[in-house]
Amino acid sequence: MKTGLYLPRLILLVILILTVSAKGQAAADSVFFFSHLGVQEGLSQVSVLKIYQDADGFLWFGTRNGLNRYDGYEFTVYRNEVNNPQSLSDNYITDITEDDRHRL
């Protein structure tokens, strides 16, 4: 798949997540604002393989270059750190989920 196709998919998925998270408000009563999220905004890589919204409302993006957490304002990128057993085991993130204690 060409790289140019990932960005439109990312935009559509983020819009879908934001729409679903409106939690019962009628669309006519809600005002939504969307801005582009990409590498220039802090995303570690354009190829997003997984998007997940956690129990606290953070959006998590799995990419080929790390795990990205978006708090609505900025990205925090988590990557594998050599010799740090507390870091990610790999930077290629294909799935994201939480356990019953809301830990990723």
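Two strands are taken to pair if DSSP finds at least two bridges between them. On this basis, the predicted model contains an open sheet of four strands, arranged in the order β1-β2-β3-β4 with antiparallel pairing. The edges of this sheet are formed by β1 (48–53) and β4 (75–78), each of which pairs on one side only, and the twist from one strand to the next averages 20°.

At the β1 side of the sheet, β1 and strand β2 (residues 59–63) run antiparallel and are joined by five bridges; within this pairing, Lys50 has Gly62 of β2 as its bridge partner. Strand β2 also pairs with β3, again in the antiparallel sense and over five bridges, and here the bridge partner of Leu59 is Tyr70 in β3.

Strand β3, which spans residues 66–70, is mostly covered, four of its five residues being buried. Beyond its pairing with β2 over five bridges, β3 is joined to β4 by four bridges, and these two strands likewise run antiparallel. In this part of the sheet Asn68 stands opposite Val77, a residue of β4. The hairpin of β3 and β4 has four residues between the strands, and in this hairpin Gly72 adopts a positive phi near 100°. The antiparallel pairing thus described extends through the order β1-β2-β3-β4, with β1 and β4 as the edge strands.

Methods:
Residues are numbered from 1 along each chain as its sequence is written. This is a predicted model: local features need pLDDT of at least 70, side-chain atom pairs count only at pLDDT 80 or more; totals for chains, interfaces and linings use all residues. Side-chain values use heavy atoms; hydrogens and water are left out. Axes are lines fitted to C-alpha atoms, for helices over the stretch in contact, and angles run from 0 to 180 degrees between N-to-C directions. Buried means under 20% relative accessible area, exposed over 50%, partly exposed in between (1.4 Å probe, protein chains only).
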